[in-house]
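Please keep the sequence and the coordinates at hand while reading.

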Amino acid sequence: MSDDPRDARLQARIQALESAIADIEAEARAAAHALCAHELQMRLENIARRVEALRAAQRGSADDGTA
């Protein structure tokens, strides 16, 4: 493994993306089985928040050169 800090940041970013994808998949599965409109809305809002967090992180990583 490289001692380059950029490699460590990139690996951390990849892990964060994998985690976010898993979270979004779980929310989407739960939304597909929502019992009411309110539950569906909550699940969709959770997905939207997670996607926005990913976009914000991507903008931040573009600033540090790991995008």
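In which helix do Arg-43 and Glu-39 lie, and how many residues apart are they? Both belong to helix 2, where they are 4 residues apart, about one turn of the helix. Helices here are DSSP runs (H or I, at least four residues), numbered from the N terminus.

The model is predicted: local features need pLDDT of at least 70, side-chain atom pairs count only at pLDDT 80 or more, and totals for chains, interfaces and linings use all residues. Residues are numbered from 1 along each chain as its sequence is written, and side-chain values use heavy atoms, with hydrogens and water left out.

Side chains of opposite charge can pair when their charged atoms come close. A salt bridge is taken as a side-chain nitrogen of Lys or Arg within 4 Å of a carboxyl oxygen of Asp or Glu. By this rule the count is 4 salt bridges. One of them joins Asp-23 to Arg-50, with the closest N and O atoms 2.9 Å apart. That pair links distant parts of the chain, since Asp-23 sits in helix 1 and Arg-50 in helix 2, 27 residues apart. Asp-23 is partly exposed because its relative accessibility is 36%, and Arg-50 is likewise partly exposed, with a relative accessible area of 25%. The classes are buried (under 20% relative accessible area), exposed (over 50%) and partly exposed in between, computed with a 1.4 Å probe on protein chains only.

A further salt bridge brings together the side chains of Arg-43 and Glu-27, at 3.3 Å from N to O. Arg-43 lies in helix 2 and Glu-27 in helix 1, so this pair ties together parts that are 16 residues apart in sequence. Arg-43 also meets Glu-39 in a salt bridge, at 3.8 Å from N to O.

Glu-27 is placed in helix 1, which spans residues 5-32. Leaving aside residues up to four places away in sequence, Glu-27 touches Arg-43, Asn-46 and Ile-47, a contact being heavy atoms within 4.5 Å.

The loop between helix 1 and helix 2 (37-64) contains His-33. His-33 counts as exposed because its relative accessibility is 63%. Its C-alpha atom is separated by 38 Å from that of Ala-8, 25 residues apart along the chain.

Key
Helices (H or I, at least four residues) and strands (E, at least two) are DSSP runs, numbered from the N terminus.
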